[in-house]
Amino acid sequence: MPELNPIPAADEAAVALDSVCKMYKRDRQRLVVLDGINLSVSEGEFLALMGPSGSGKTTLLNLIAGIDRPTSGSVVVAGTDVTALSESALAKWRSRSVGFIFQFYNLIPVLTAVENVELPLMLTPLAKKERRERALSALRMVSLADRGRHYPKQLSGGQEQRVAIARAIVTDPRVVVADEPTGDLDAKSAEEILDLMQTLNEEFRKTIVMVTHDPRAASRAHSQKYLEKGVLLKSEQ
Amino acid sequence: MRFLPFIFKHLRKNWIRSGSTACAIALCIFLFCTLQTFVASLKGFLGQGTTRLITRHNVSLVFRLPNAYEAKIAAVPGVERVAVSNYFGGMRDLSKPADAFTNFAIEADSFLAMYPEFILAEPERKAFLEDQHGCIIGRALAETFHWKVGDTIQLESNISSYRTARPLDFVISGIYQTDQVRYPGTNESVLFFHYKYLDEATGRKARVSTFRVEIAHPRQAGVISHAIDDLFENSDTQTHTETEAQYRASLGILGGNLIVLLNGIALAVMFTILLVTANTMSMAVRERHTEIAVLKTLGFSNRLVLFLILGESVALGALGAVTGLLLGRSLINVLPNVPVIGDVVRGFPKMNVPPQIGVVGLGIGLSVGLGAGLFPSLLAYRARITELLRHV
């Protein structure tokens with residue numbers, strides 16, 4: 001089995017946002033995308049973020065993943081205040097602590113499935129052989145070990161997304177964020193992806209924050225939170 | 001090093017674009033190396049004979065000087081030796097201009113003494129000097145026509161005043177060698193024969209196209225040139241004396257400042273290729289917004305992304321440079337057979353891309369790659385992940 005280790009439950013929240021605001025300036029206009037967000041996601045929790053288009057879900061996810069910075073407030077993920085990190089430290093932190101799953105998979109087309117999964121490991125001091133072994137383990141986890149040499153264009157959408165999931169977990173991050181991971185898939189493939197995410201959460205206690213429009217996808221999560229016009233409305237357990 | 005396969009995979013992905021860009025760079029490096037090799041040969045060629053002057057008719061080479069001038073020139077202080085040298089324009093068959101080669105009628109004894117560039121074995125030299133119908137030929141010429149010592153050939157001049165009732169007969173007395181290291185650009189494709197033979201064959205009407213004048217010190221070139229020309233200032237046939245380098249540079253093929261022109265062409269080509277490559281790299285980066293965003297999301301630092309794109313561009317430059325160098329090394333020997341260009345290049349046999357020019361060519365290829373990739377890689381460096389993902 002892969003080298004993914006179950007994370008023991010901890011008292012501290014895996015994700016903690018305190019009074020987070022995100023504002024964009026367009027010409028002379030200020031556009032408030034997130035307004036005073038307070039959010040806590042426990043270690044090993046599976047959270048679904050829902051809301052209409054333009055409500056700020058993806059922006060919130062980007063803040064949690066450390067690929068964007070808030071205008072104000074603090075974002076603590078996997079024990080690190082990401083707002084305090086420099087650009088290079090933030091990149092390093094992302095490579096170790098967060099796995100990102102995109103809606104459109106975003107695999108590198110010139111790389112095979114196993115090379116795509118291996119990509120995050122290129123930033124580690126691991127030797128080539130070990131990198132390859134870990135990548136293959138991750139592919140085995142998503143039941144695609146036999147497609148390692150296939151290029152993304154030779155895979156179906158569901159398979160591509162599974163490769164993307166393998167890429168997200170290959171570095172064994174504490175937190176996995178997913179931006180509408182089933183948004184581009186048919187119902188069957190979507191179910192398979194959700195099963196996989198549930199396995200990651202339940203067996204390996206990965207903390208998962210997933211943005212989705214799909215109530216069926218959201219129902220797989222432990223809890224759901226709704227965003228509207230940049231404000232967290234309510235939560236359901 | 002671990003990212004090299006990643007870089008090469010990207011280059012291979014768009015192999016038509018990568019290939020054509022590498023070919024463009026290769027062509028640039030090939031042109032640069034070829035032109036610079038030619039320029040180096042030219043410089044070496046022009047730099048020779050600093051102790052030699054050439055006296056000719058002050059109007060044109062078409063007009064000739066009286067033979068009597070030779071003794072007067074030889075008497076000028078500082079002059080060591082004088083030799084007549086007339087371009088003969090001899091051909092084996094006047095209807096086959098492609099077979100043409102350079103041939104001169106010379107006063108052999110003094111000419112060979114002042115031109116150490118033409119190396120002859122002593123027995124061949126002796127045989128040549130003793131046989132009025134004898135001639136010596138360069139090694140390359142001998143190879144071209146499969147001539148050997150003892151062979152007899154006939155030449156007919158394409159200059160009307162040198163035409164005789166029947167072609168002149170020559171016996172090959174020797175095959176001269178050259179030292180291209182010491183005397184770069186020395187022509188190995190010339191035939192020299194005795195001026196006396198020409199003069200007699202034309203009924204003593206050959207006269208003199210040029211006097212080759214050897215002087216004791218290069219520094220005296222200006223003074224002696226003036227002194228020679230002053231001798232004939234009030235005569236019907238005035239002379240123009242100049243150093244051999246000036247004379248060579250004033251010939252048709254070297255008209256104007258050829259070296260500056262060649263360098264200008266090389267620069268223009270390089271700049272054009274730089275723009276082409278920069279455009280290619282910009283397109284490559286524009287197409288990969290999402291990929292750059294993904295790399296950064298996965299934890300690739302801005303600097304690493306910059307190096308990956310720059311590496312791709314430099315790899316293209318290196319690929320092009322190496323191809324261009326190989327092309328240069330292999331094709332430079334073909335140039336003499338290319339129409340028009342061959343006429344110029346043929347005068348510089350044994351041209352080969354010297355290591356210094358090869359290194360500069362390689363450096364230029366890498367620099368073109370670096371320069372072309374700089375702007376796109378900086379854009380990728382600065383781009384924020386969220387902005388890049390918005391392009392999806």
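**View 1. How much of chain B is buried.** Of the 392 residues of chain B, 41% count as buried, where buried means that 20 or more other C-beta atoms lie within 10 Å of the residue's own, with C-beta atoms placed from the backbone. This is a predicted model, in which local features need pLDDT of at least 70, side-chain atom pairs count only at pLDDT 80 or more, and totals for chains, interfaces and linings use all residues. Residues are numbered from 1 along each chain as its sequence is written, while chains are lettered from A and ligands numbered from 1 in the order in which they are written. Chain B averages a pLDDT of 87, and 94% of its residues score at least 70; pLDDT is the predictor's confidence in each residue, from 0 to 100. The model itself scores ipTM 0.90 and pTM 0.70. You'll find 15 helices and 10 strands in chain B, taken as DSSP runs (H or I, at least four residues, for helices; E, at least two, for strands) and numbered from the N terminus.

**View 2. An open sheet in chain A.** Here 4 strands line up in the order 2-1-4-5, with antiparallel pairing; strands count as paired if DSSP finds at least two bridges between them. Strand 2 (29–42) and strand 5 (80–81) of chain A sit at the edges, each pairing on one side only. Strand 1 (residues 13–26) of chain A is joined to strand 2 of chain A by 10 bridges, and one pair to look for is Val15(A) with Val41(A).

**View 3. Strand 6 of chain A and its parallel partner.** Val98(A) and Phe100(A) point one way from strand 6 of chain A, Gly99(A) and Ile101(A) point the other way, and all are buried. In a regular strand, side chains alternate between the two faces of the sheet. Strand 6 runs parallel to strand 7 of chain A, with 4 bridges between them; Val98(A) has Val175(A) as its bridge partner in strand 7.

**View 4. Strand 8 of chain B, with a neighbour of each kind.** Because 4 of its 5 residues are buried, strand 8 (residues 190–194) of chain B is largely enclosed by the rest of the structure. Strand 4 (residues 102–106) of chain B runs parallel to strand 8, joined by 5 bridges, and Thr102(B) stands opposite Val190(B).

**View 5. Where the chains touch.** 18 residues of chain B are in contact with 19 residues of chain A, contact meaning C-beta atoms, placed from the backbone, within 7 Å. Helix 11 of chain B gives the largest share of chain B's side, 6 residues. That side divides into 6 nonpolar, 7 polar and 5 charged residues; Ala, Val, Leu, Ile, Met, Phe, Trp, Tyr, Cys and Pro count as nonpolar, Asp, Glu, Lys and Arg as charged, and the others, Gly among them, as polar.

**View 6. Inside the largest nonpolar core.** Of its 121 residues, Ala166(A) and Val209(A) touch the most other members; such a core is a set of buried Ala, Val, Leu, Ile, Met, Phe, Trp, Tyr and Cys residues joined through C-beta atoms within 7 Å. Helix 2 (residues 15–46) of chain B gives the most to this core, with 14 residues.

Notes: A residue is buried if 20 or more other C-beta atoms lie within 10 Å of its own, exposed if 12 or fewer, and partly exposed in between; C-beta atoms are placed from the backbone. Two residues are in contact if their C-beta atoms, placed from the backbone, lie within 7 Å.
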